[in-house]
Structure formats: structure tokens, C-alpha cells
Amino acid sequence: MKTIGIFYGSSTGNTEEVAKSIATKLGVDKKHVFDVANVSIELVNNYEILFLGASTTGVGDLQDDWDGLEVTLSTQDLSQKQVAVFGMGDSSSYSDSFCEAINLLVLAAEKAGAAVVGGGVDASAYSFDSSLSEVDGKFSGLPLDEDNESELTDARLTQWLEQVKLECSL
């Protein structure tokens with residue numbers, strides 16, 4: 001089986017909970033789930049498949065624990081890796097920059113040569129005004145909104161993981 005590492009930054013605990021849920025749904029041991037505030041981002045080199053998660057803070061900013069790490073991530077050689085990105089956002093209060101942290105992590109992964117998987121999430125199922133993570137009606141990763149649509153999180157996550165498993169041959 002391919003090795004999976006899950007890396008997240010979380011201010012309120014929502015991103016951490018989703019990271020743990022991903023691990024549970026994929027059967028990944030909790031020792032492979034990392035809070036980026038407490039580890040070296042170079043740990044990504046130990047895994048074939050990476051899940052990266054962050055909330056969007058303020059107006060389109062990456063969660064504080066990722067501060068500078070996306071630059072370090074972009075300098076790694078991820079050319080033999082597959083990367084799936086998930087993000088938390090508030091589609092009501094920050095409707096004009098919803099889940100833009102996804103875009104920042106996707107760009108870093110692409111710059112590092114990774115194959116990004118799990119994109120193409122239909123944006124029409126979300127209520128927001130704009131997002132740099134959405135292009136032509138599709139998100140480049142999985143956006144989640146625990147503040148306004150928490151009842152949809154589990155179904156969205158399950159559906160997305162099925163897509164990622166197919167793309168990664170899991």
C-alpha cells in the first residue's frame with residue numbers, strides 16, 4: 001500500500017478534525033497525521049501521497065501555522081508524489097475569498113513538481129462570491145465550511161476521498 005501523510009494547520013480545531021477524519025476513513029495510523037506547527041515540513045519526503053490542509057484566515061490568507069512553510073514546501077522535490085488539498089473557510093463572512101488557502105497550497109505543491117489530485121470539486125454546490133481556488137466552476141481541492149455548512153462536511157469529505165482514492169489507485 002502507498003504511504004500516506006496528512007499535514008494540517010489549524011487555529012480553531014476544525015482543520016485538525018478533518019485531518020483526523022481523513023486518516024480514519026483511509027485507515028491511516030494517527031502517527032502519520034501532523035500539525036505543521038510541530039513538525040518539519042521536510043517530513044513530506046517520507047510519503048508517496050500527501051494530504052495538505054489549512055483554513056483560510058482573514059481575506060485569503062493561509063492559516064498561521066503554515067506561515068512560510070508553503071515556500072519551504074515549494075522547494076521540496078515532490079515530483080514522485082501525489083498531493084490532495086483540503087481547506088476550511090467561512091462562505092458567509094469571507095464570501096469573496098472563500099477557501100483561498102487551497103489555492104496557495106496547490107500552487108506550492110505544483111511548484112515542487114507534485115501531481116495534484118482531488119481537484120475538480122463542483123463549485124455550484126457552495127454559496128460564495130469568489131475564490132482563487134475556483135476556476136471554471138471547479139475547486140482545485142476540497143473546500144469545507146464548518147461555520148455555515150457543517151452538516152455537509154461528512155458527505156463532501158467521503159465523496160472527495162472516493163475521488164482521491166481512484167486518482168491515487170488506493
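Reply: Glycine 5 stands opposite leucine 50 in strand E3. Strands (E, at least two residues) and helices (H or I, at least four residues) are DSSP runs, numbered from the N terminus. The model is predicted, so local features need pLDDT of at least 70 and side-chain atom pairs count only at pLDDT 80 or more, while totals for chains, interfaces and linings use all residues. Residues are numbered from 1 along each chain as its sequence is written, and side-chain values use heavy atoms, with hydrogens and water left out.

From E1 the chain crosses through helix H1 (residues 14-26) to E2 in a right-handed β-α-β crossover. Right-handed means that, with the strands pointing away from the viewer, the path from the first strand over the helix to the second runs clockwise.

E1 (residues 4-9) is largely enclosed by the rest of the structure, because 6 of its 6 residues are buried. Buried means under 20% relative accessible area, exposed over 50% and partly exposed in between, with a 1.4 Å probe and protein chains only. Ile4, Ile6 and Tyr8 cover one face of E1, and Gly5, Phe7 and Gly9 are the buried residues on the other.

Another buried residue is glutamine 76, at 13% relative accessible area, in the loop between helix H2 (69-74) and strand E5. Beyond its neighbours within four places in sequence, glutamine 76 is in contact (heavy atoms within 4.5 Å) with Glu42, Val44, Asn45 and Ala112. Its side chain makes a polar contact of 2.8 Å with the side chain of asparagine 45. A polar contact is a pair of N or O atoms within 3.5 Å; within protein, one must be able to donate a hydrogen and the other to accept it, and residues adjacent in sequence count only if both atoms are side-chain atoms. The C-alpha atoms of glutamine 76 and alanine 109 are separated by 8.7 Å, at 33 residues apart along the chain.

Backbone angles come last. Most residues other than glycine have a negative phi. Cysteine 99, not a glycine, has a positive phi of about 55 degrees. Cysteine 99 sits in the loop between E5 (82-88) and helix H3 (100-111) and is buried, at 1% relative accessibility. Serine 169 also has a positive phi, near 55 degrees, but counts as exposed at 59%.

Methods
Two strands pair if DSSP finds at least two bridges between them.
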